[in-house]
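Subject: Structure for you to look over

Hello,

Here is the structure I promised. Please open it first, then read my notes below.

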Amino acid sequence: MQKLVITAAVNGAEVMREQTPYVPITPEEIASAAVEAAAAGASIVHVHARRPDGSPTQDKAVYREIIERIREQSSVIVQVSTGGAVGMTADERGDVISLAPEMATLSTGTVNFGEGVFYNSPDLIADFAARMKKYGVRPEIEVFDIGMIANAQNLVKKGLLSEPLHFDLVLGVPGAIPGEIAHLMHMIATLPQGSTWTAAGVGRAQLPITTAAILLGGHVRVGLEDNIYYTKGRLAESSAQLVARVVRIAQELGRELATPDEARQIVGISS
Ligand code: KMH
Ligand code: ZN
């Protein structure tokens, strides 16, 4: 089995201070959360930019500051979001790709997302994939429902993505595929041969989905973007705390952890 790549999704676009005081907002806070998660065992950090008032933004300057602050302190892989927040335009969301980060998310389909719609038209997806190719950014294919796997394969046929693909299977978003292990198994069974995959469970699905992923030979994503609780009714105090739990589980299950450089090899980031 490959060494375990842990991604820490430290803030997301939707988690607000009213829900948890622990969500990082400023570039300094986001970078500290990322560095702390890396010290706990994460080899990738997934970050979203925020304005000082906490609202989501895809402002390139904010992403640049977040990346630079993390780079000064850690060799962790920085993965930026092109998903942004529900309701953002494609132009807003995709601008960050031109910063040429090591890695960026690429959602390959439209899906209901809570009370909103996370809109990813065929044109938007093809455009983001082409830009990632142009700037040498490794895409992580974000799959919120099963059809998005086939959509990614179509992009390979069109020459917009190159195999092997790297997927993040996200289960448990309200409106998308539910956070059940049976659904995870079905998703894994439909992945193109040779793909690598990470699994993320939203809310209470985080612990069972990530534990199953460790056992099944996949990689895992945890963090406050996906789940703000450590246990029922008790807030997690940081993404690092959630990473530390995964590390303990992995150790008990005999899965070694990947360093950031080992993670680069595993997920296909060329140096
Ligand atoms: N905020 C969600 C609507 C990504 O980062 O690429 C989309 C999202 C996925 O978080
Ligand atoms: Zn995200």
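Which residues in helix 1 meet helix 8, and which in helix 8 do they meet? Ala33, Glu36, Ala37 and Ala40 of helix 1 meet Ser239, Ala240, Val243, Ala244 and Val247 of helix 8. Two residues are in contact if their C-beta atoms, placed from the backbone, lie within 7 Å. Helices are DSSP runs (H or I, at least four residues), strands are runs of E (at least two), and both are numbered from the N terminus.

A word on provenance. This is a predicted model: local features need pLDDT of at least 70, side-chain atom pairs count only at pLDDT 80 or more, and totals for chains, interfaces and linings use all residues. Residues are numbered from 1 along each chain as its sequence is written, while chains are lettered from A and ligands numbered from 1 in the order in which they are written.

Overall, the protein has 9 helices and 14 strands. Its radius of gyration is 17 Å, close to the 18 Å that the globule rule gives for 271 residues, so the protein is as compact as a globular protein of that length. That radius is taken over C-alpha atoms, and the rule is 2.2 Å times the number of residues to the power 0.38.

Back to helix 1 and helix 8 (residues 239-252). Their axes come within 8 Å and cross at roughly 15°. Axes are lines fitted to C-alpha atoms, for helices over the stretch in contact, and angles run from 0 to 180 degrees between N-to-C directions. The two helices are therefore roughly parallel (angles under 35 degrees; over 145 is roughly antiparallel, 65 to 115 roughly perpendicular, the rest oblique).

Helix 1 (residues 27-40) also packs with helix 2 (residues 60-73), at about 40° and with axes 9 Å apart. This pair is therefore oblique. Contact residues include Ile30 and Ala34 of helix 1 and Ile66 and Ile70 of helix 2. By class, the contact has 8 nonpolar, 1 polar and 3 charged residues. Ala, Val, Leu, Ile, Met, Phe, Trp, Tyr, Cys and Pro count as nonpolar, Asp, Glu, Lys and Arg as charged, and the others, Gly among them, as polar.

Finally, the ligand. 13 residues surround ligand 1, each with its C-beta atom, placed from the backbone, within 6 Å. The closest are Ala13, Ser81, Gly83, Thr105 and Phe118. The shell has 5 nonpolar, 6 polar and 2 charged residues.

Best wishes
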